[in-house]
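Thanks for coming. I will go through one structure today, starting with its domains and ending with its ligand.

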Amino acid sequence: MEVDYIVVGFGLAGMAFVKTLEEHHKSFVVFEDTSQTSSNVAGGVYNPIVLKRFTAVWQGDRQLKEAMPFYEILENKFQSTYDYKFETARIFTSIEEQNNWYVASEKPLLKDYLDDQITAKKYHGFISDFGVGKVKKTGRIAVKALLEDYKNYLITEQRILFETFVYEDIDFLEDTVSYRGIKAKKIIFCEGYGMHKNPFFSGLPMREAKGEIVTIYAPDLNVDFLIKSAVFVLPLGEHCYKVGATFNWKDKTSLPTEEGKKELIEKLESFVKVPYEIIDHAAGIRPTVKDRRPLVGLHPDYSQLAILNGLGTRGVMIAPKIAKELYHHIESNDLLDPECDIIRFQKASIF
Ligand SMILES: Cc1cc2nc3c(=O)[nH]c(=O)nc-3n(C[C@H](O)[C@H](O)[C@H](O)COP(=O)(O)OP(=O)(O)OC[C@H]3O[C@@H](n4cnc5c(N)ncnc54)[C@H](O)[C@@H]3O)c2cc1C
C-alpha cells in the first residue's frame, strides 16, 4: 500500500489532522490502539476565558474561529449534533472577585465574552452567595461521540488499523518511509501521553497531568449552563452532569481512583446542595507541556516524521487550528508559530 500520510493516534489531535488531510484529498492510514483515553473522557468544554484569573486564553479567540466551523462541518458530515452551546456561570466567592470581574468585562479581549452584569439571583441546588458572572459563547463538544462516528466512517473507508504502531519497524527511505508494507511520505505522531514511548520525540518536555471526572445524575438540579466553582458541573441533559476535573502530576495511569473520586465529591458538595448519584467515573492523561504551548513540527533529523501533541487542557479549541498549521507547514513550507514549533526545544539537545 502507498499513502501520503500515516497518522498514529486518533484522539482530538489525530482526528483534526485526518480531517485536514481529507479536505486536501490526501491519502492516509490511521493507527489507533486505545492505549490513551484523554480525548474520550474529556469534558469537551470550549471557553476562551481563564476562569481562575478572568484573563483571555492564549489565542483563544483565533482558536474558536477555526474550531466552530470545524465541528460544524463534522456535524454535517456525520448528520449528528456534537456542539452543545451554553453559557458558563462563574460562582464568585468574595466582593473582590466581583470587582475583578467588572474590571475584566471592560477589557477589549474579554468584553465580547464576559457579561458585564453580575447575576445576584439565588439558584435552586447550588450556593452562589456572592452571585455569578456569565461567560457567553461557550459550550461543549461531545468528543467521544464524534470520535466514535469518525472511527466508524474510517472503518468503512478501510483507513484505520486498530493496532499499536511499533517505532522500530520504520524503514527510512530517501524521502519517504516504509512501515510493514505501507509506503508513506510522512508519519504524523498524535499519541498524546503515548509520546513518552516514541524514541524520536520522547525527549520533548511533556508534563503529563492526569485528570479524573465523574458523571452524576441529579434530578433536582435544573441547570442548563455550566457551573464553575471548585470544580465544573457540566450539563449533559436529562439531569446528568459531568463533574471535574482533578489534576494529578504523579500518577501516570489512566485508571480512575478512589482518591480522585473523593476529591471531586468534596469539591462538588462544597457548593451543590441537592442529592445526586454517581453513574460514571473515568480518567485520562492530559498531554501538557512545561511552557503550556503545543508540540508541533517536523523532526529536525528525520524530515519524514512530524508531531502534533501537547494540546494540554484545551484540546477541543486548539486541535483544529494547529492541525491546519502543521499541514500547511509540511505541504507549503508555511512557517509554524514559533511558540508552538518543537524547534524551540532543539537548543536543549533533546532530539
Ligand atoms: C479528565 C479530563 C477532562 C478534560 N476536559 C477537557 C475539556 O473540557 N475541554 C478540552 O478542550 N480539553 C479537555 N481535556 C484535555 C483534552 O482531553 C486533551 O487536550 C486531548 O484529549 C488531547 O488529545 P490528543 O489527541 O493529543 O491525545 P489523546 O486523546 O491521548 O489521543 C492519543 C491517541 O493516540 C493513541 N496512541 C498512542 N500511542 C499509540 C501507538 N503507539 N499506536 C497506536 N495508537 C497510539 C491513543 O490510544 C490515543 O487514542 C480533558 C482531559 C482530561 C483527562
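Predicted model: local features only at pLDDT ≥ 70, side-chain atom pairs only at ≥ 80, totals over all residues.

Why start with an area? The size of an interface is often given as the accessible area lost when the parts come together.

Now, who touches whom? In the domain assignment, domain 1 is made of 2-41, 144-203 and 291-348 of the protein chain, while domain 2 is made of 86-140 and 208-286. Seven residues from domain 1 and eleven residues from domain 2 take part in the contact. The C-alpha centres of the two domains are 32 Å apart.

What holds polar atoms across this interface, by count? There are two residue pairs in polar contact between domain 1 and domain 2, and zero salt bridges. On the side of domain 1 that touches domain 2, there are five polar residues, two nonpolar ones and no charged ones.

Next, the ligand. Which residues come nearest to it? There are 36 residues around the ligand, and the nearest are Glu32, Ser35, Ser39, Val45 and Gly312.

Ser35 has a backbone N or O atom 2.9 Å from an oxygen atom of the ligand. For Val45, a polar backbone atom is 2.9 Å from a ligand oxygen. Gly315 also places a backbone N or O atom by a ligand oxygen, at 3.2 Å.

How much of the ligand does the protein cover? On its own the ligand has 1,000 Å² of accessible area, and the protein covers 97% of this.

Key
Residues numbered from 1 in each chain as written. Heavy atoms only, no water. Domains from an automatic or database assignment. Contact = heavy atoms within 4.5 Å. Salt bridge = Lys/Arg side-chain N within 4 Å of Asp/Glu carboxyl O. Polar contact = N/O pair within 3.5 Å; in protein donor to acceptor, adjacent residues only side chain to side chain. Nonpolar A, V, L, I, M, F, W, Y, C, P; charged D, E, K, R; others polar. Near = heavy atom within 4 Å. Areas by Shrake-Rupley, 256 points an atom, 1.4 Å probe, with all protein chains shown as cover.
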